[in-house]
Amino acid sequence: MIDKLEFFIALAREQHFGRAAEECGVTQPTLSAAIRQLEDQLGVMLVQRGSRYQGLTPEGQRVLEWARRIVGDARTLREEMRATRHGLAGHIRLAVIPTALAMVQRLTEPFQQRHPNVTFSVLSRTSLQVLSLLENLEIDAGITYLDNEPLGRVTSVPLYSERYHLITAAGTPLADRDTVSWSEVADLRLCLLTADMQNRRIINQHMAEAGVTPKPTLESNSMIVLFSHIRTGKLASIMPRNVAESFGFTEAIRMIPITDPDAQHLVGLVATHREPHTPLVSGLLHEARLLVAAQAFDRFFLSTDETAALT
């Protein structure tokens, strides 16, 4: 039954019998036969059939919800039993929005120090893709925005707030300013993330509130592409300061806060809302909470030191 449910989830995800069979490592007749057996066992039609896949029936949609839950529980059971025998080990699949990629190592490195038998794969994805991959059990956790667009039923741990800066070469327009406004930035030659990225939708939103519309000279879904164009001094960009700092910019690059408003958006770790989580996901959520606590500790002592210096 578990195997058949996994085949059914793959078919719903791929919407094609051949691709689903290839993903599951079986032949197409084997997958088709398993789906028919599942329909016979449940006494309902799950898939609308014609010459090709035509979607799920209403009963199939409901079974898909149960299938994800049951397969997730089965994976949790297997992983928990393995952890009791061998300790925490295995592979964690993580999908991350592009602006958060630079901070992933702050989670993965200490986690692997505590659990050296755990490996990671990290994918760069849009916020919508992160949620879709979670729902379809294709990843174990994601890092995405928490407070701008609906997340659905997920467990989340807030990690940090993005604050937006104009990133531009020294000597370019506005480069000598201490702060700039959203309306002023709109007049520059900009390179920005593509419109399918939530970071871009956030930038569009704040510019619209300022009464302007961004007209980027260049768009890309790669932060590296944006950085390479900023370095030329021909284009500027808008991005969180922590992302810009991760590329080790020299003094020739200015990072200027954008105010009016001083916008902040929360980024965090998300996992499917379920109890219990797999041991690996539980461990990763715990690591995220340790990271947040350490950051709060550092901020407290930094502010204490600054106060002492002033007095």
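Trainee: At what angle do helix 2 and helix 3 pack?
Mentor: Helix 2 (residues 17–24) and helix 3 (residues 28–42) pack at about 100°, with axes 8 Å apart. Axes are lines fitted to C-alpha atoms, for helices over the stretch in contact, and angles run from 0 to 180 degrees between N-to-C directions. Helices are DSSP runs of H or I with at least four residues, strands are runs of E with at least two, and both are numbered from the N terminus.

Trainee: Why is helix 2 called roughly perpendicular to helix 3?
Mentor: The angle is about 100°. Roughly perpendicular covers 65 to 115 degrees; under 35 is roughly parallel, over 145 roughly antiparallel, the rest oblique. So helix 2 counts as roughly perpendicular to helix 3.

Trainee: Which residues make that contact?
Mentor: Helix 2 gives Phe17, Gly18, Ala20, Ala21 and Cys24; helix 3 gives Gln28, Leu31 and Ser32. Contact means heavy atoms within 4.5 Å. By class, five are nonpolar, three polar and none charged. Gly counts as polar here.

Trainee: Before we go on, what are the ground rules?
Mentor: This is a predicted model, where local features need pLDDT of at least 70, side-chain atom pairs count only at pLDDT 80 or more, and totals for chains, interfaces and linings use all residues. Residues are numbered from 1 along each chain as its sequence is written, and side-chain values use heavy atoms, without hydrogens and water.

Trainee: What makes Glu209 exposed?
Mentor: Its relative accessibility is 53%. Exposed means over 50%, buried under 20%, partly exposed in between (1.4 Å probe, protein chains only). Therefore Glu209 counts as exposed. Glu209 lies in helix 8 (residues 198–209).

Trainee: With which side chain does the side chain of Glu209 make a polar contact?
Mentor: With that of His206, at 3.2 Å. The cut-off for a pair of N or O atoms is 3.5 Å, with one able to donate a hydrogen and the other to accept it.

Trainee: Which residues of helix 9 are buried?
Mentor: In helix 9 (residues 223–231), they are Met223, Leu226, Phe227 and Ile230.

Trainee: How do you know that they share a side?
Mentor: They cover an arc of only 100° around the axis, so they sit on the same side of helix 9. The arc is that of the directions from the helix axis to the C-beta atoms. Their cover includes strand 6 (154–169) and helix 10 (241–246).

Trainee: And what share of the chain is buried?
Mentor: Buried residues make up 46% of the 311 residues.
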